[in-house]
Amino acid sequence: MQFLENSGRYLPLLLQGVGITIALTLAALVISTLLGLVWALMRYSGIAPLVFVSKAIVNTVRGIPILVQLFYIYFVLPEFGIDLSAFQAGALGLGLAYSCYMAENFRAGLEAIDKGQIEAAQSIGMKWSLMMRRVILPQAIRTVLPPYGNTMIMLLKDTSQASVITVAELTMRGKLVASSTFDNMTVYTLVALLYLALSVPLVILASYLERRFGAR
Amino acid sequence: MIQLDNVHKKFGNLEVLKGIDGEIRQGEVVCLIGASGSGKSTLLRCINGLESYEEGQITIDGKLVDRKDPSIRALRTSVTMVFQRFNLFPHRTALENVTEGPIYVKGEARREAEEHGRELLDRMGLGAKAETYPTSLSGGQQQRVAIARALAMRPKAILFDEPTSALDPELVGEVLGAMRDLANDGMTMLVVTHEMAFAREVGDRVLFMDGGLIVEEGPAERVLTDPQEDRTRDFLRRVLNK
Ligand SMILES: Nc1ncnc2c1ncn2[C@@H]1O[C@H](COP(=O)(O)OP(=O)(O)OP(=O)(O)O)[C@@H](O)[C@H]1O
Ligand SMILES: [Mg+2]
């Protein structure tokens with residue numbers, strides 16, 4: 001009873017955090033998907049300088065903890081005149097970090113496609129961009145989607161790391177409420193349940209994608 | 001119409017084409033025969049600009065084939081290619097495979113392209129399969145869709161790279177039949193094949209390749225029944241006794 005009563009008091013504050021967590025997940029998802037696609041296409045192009053740059057970026061970013069990347073973007077970039085809000089820095093940092101997972105996934109999808117498809121597309125006069133759009137990407141999507149669902153779940157949970165640069169997302173709010181009420185048990189149980197509630201739809205989506213496209 | 005002048009091609013240190021000369025004239029059916037590894041596919045791929053060549057030149061109606069130049073795309077629509085393993089787009093129906101190039105490369109109106117596409121599928125005996133996906137078609141049917149796809153570009157010539165080698169024996173006939181009809185309609189064709197009966201019946205000329213060179217060429221009947229070169233004779237003896 002006590003739990004429910006306290007929950008009622010904490011929930012409005014925590015729900016504001018849920019809103020920011022969702023916004024941050026979506027923003028980082030868009031950034032990481034677009035950047036990931038760029039890295040993967042650069043790599044797939046076979047053009048040496050593009051391949052090199054893509055590999056260099058992916059390997060550098062993958063080798064640095066997300067926390068450190070977030071600190072860097074939020075605290076170091078301002079010294080170069082790039083001033084971002086905590087939310088912007090969080091979205092950019094998570095987007096960049098996740099673009100590398102995305103890139104690897106997209107690359108695997110692209111490379112799984114039979115080289116004969118490229119030749120068939122070229123032999124009817126397609127240029128590269130048309131071939132990617134009409135022939136390669138529509139086929140790559142089948143292999144790319146199942147892991148994509150799982151990456152979304154990981155990203156959702158990793159948004160909690162943005163609390164270290166003061167983004168007022170769910171984990172951050174939880175910490176604030178807990179430290180002012182000393183009711184750790186109720187607060188963190190609620191926080192955990194809220195994350196679970198957010199990820200359940202994604203888990204269902206991921207297993208749907210797995211079933212729809214995975215087998216084959 | 002297709003002119004080859006002293007074409008050389010290397011893969012690393014391996015010289016695969018060692019100076020190919022020749023000409024394919026308008027309306028002619030030329031069959032290219034030769035042992036595995038002699039460079040037949042490589043030659044076709046060079047003509048289609050899928051492979052670059054280091055020396056000599058290939059021209060199509062006087063236009064230089066240069067894989068690195070944007071003009072290559074127009075040349076590819078005027079000389080298209082049919083592959084050993086069909087290479088149909090698996091996510092598109094038979095009709096969509098055929099109309100893809102006309103609509104998206106040549107910018108034809110969808111209705112016209114579909115009308116033409118259906119005509120071509122009909123001509124290939126596949127009128128009833130227009131809405132079928134490649135995975136539900138037999139190998140012979142897939143290859144005939146691939147031929148329709150090549151024809152849909154309204155090409156001046158078609159290159160065939162062993163179009164029946166990936167097929168079960170009982171499906172070879174239907175594809176060769178479709179190719180014979182094309183030849184009778186006056187299509188210019190360069191065909192890499194191991195089907196000697198087809199080469200003899202449909203081919204106007206035969207080129208025999210060995211070790212990256214055209215060793216012998218002449219009227220199909222003559223080269224296949226009365227070869228002048230020892231290497232041609234050996235090759236023919238080996239294929240015909242198989
Ligand atoms: N992309 C490549 N890289 C390196 N070597 C290659 C490549 N493609 C072909 N070759 C080599 O070039 C030679 C000629 O190959 P090609 O495919 O043109 O022969 P082919 O006459 O078509 O033979 P087949 O009858 O087996 O199809 C072979 O020795 C082959 O191993
Ligand atoms: Mg070959």
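B:Leu4 stands opposite B:Gly22 in strand 2 of chain B, and in strand 4 the bridge partner of B:Leu4 is B:Ile58. Before that, some housekeeping. This is a predicted model, where local features need pLDDT of at least 70, side-chain atom pairs count only at pLDDT 80 or more, and totals for chains, interfaces and linings use all residues. Residues are numbered from 1 along each chain as its sequence is written, chains are lettered from A and ligands numbered from 1 in the order in which they are written, and side-chain values use heavy atoms, with hydrogens and water left out.

Back to the strands. Strand 1 of chain B, residues 2-11, is joined to strand 2 by 8 bridges, and the two run antiparallel. Strands here, like helices, are DSSP runs numbered from the N terminus (E, at least two residues; for helices H or I, at least four), and two strands pair if DSSP finds at least two bridges between them. The hairpin of strands 1 and 2 of chain B has 2 residues between the strands, and B:Gly12 takes a positive phi near 60° there. Strand 1 of chain B is also joined to strand 4, residues 55-60, by 5 bridges, again antiparallel.

Which order do the strands take in the open sheet? In chain B, 4 strands form it in the order 2-1-4-5, with antiparallel pairing. Strand 2 and strand 5 (63-64) of chain B are at the edges with a single partner strand each, so one side of each has no neighbour in the sheet.

Further along chain B there is another hairpin to look at. Strand 9 (residues 205-210) and strand 10 (residues 213-219) run antiparallel, joined by 6 bridges. B:Met209 has B:Ile214 as its bridge partner in strand 10 of chain B. With 2 residues between strands 9 and 10 of chain B, this hairpin has B:Gly211 at a positive phi near 55°.

Ligand 1 has 13 residues around it, and B:Ser36, B:Gly37, B:Lys40, B:Ser41 and B:Thr42 come nearest; a residue is near if one of its heavy atoms lies within 4 Å. For polar contacts we take pairs of N or O atoms within 3.5 Å; within protein, one must be able to donate a hydrogen and the other to accept it, and residues adjacent in sequence count only if both atoms are side-chain atoms. A polar side-chain atom of B:Lys40 is 2.9 Å from an oxygen atom of ligand 1. A polar backbone atom of B:Gly39 is 3.0 Å from a ligand 1 oxygen, and for an N or O atom in the side chain of B:Glu162 the distance to a ligand 1 oxygen is 3.1 Å. Taken alone, ligand 1 exposes 630 Å², of which the protein buries 59%; these areas come from the Shrake-Rupley method with a 1.4 Å probe, and for residues only the protein chains shown count as cover. Two or more residues of the shell come from each of strand 2 (14-24) and helix 1 (40-47) of chain B. Helix 1 of chain B gives the most, with 3 residues.

Finally, a quick look at chain A. How many helices and strands does chain A have? There are 8 helices and 0 strands. Along its principal axes, the C-alpha trace of chain A spans about 70 × 45 × 25 Å.

That's the tour, and I'm happy to take questions.
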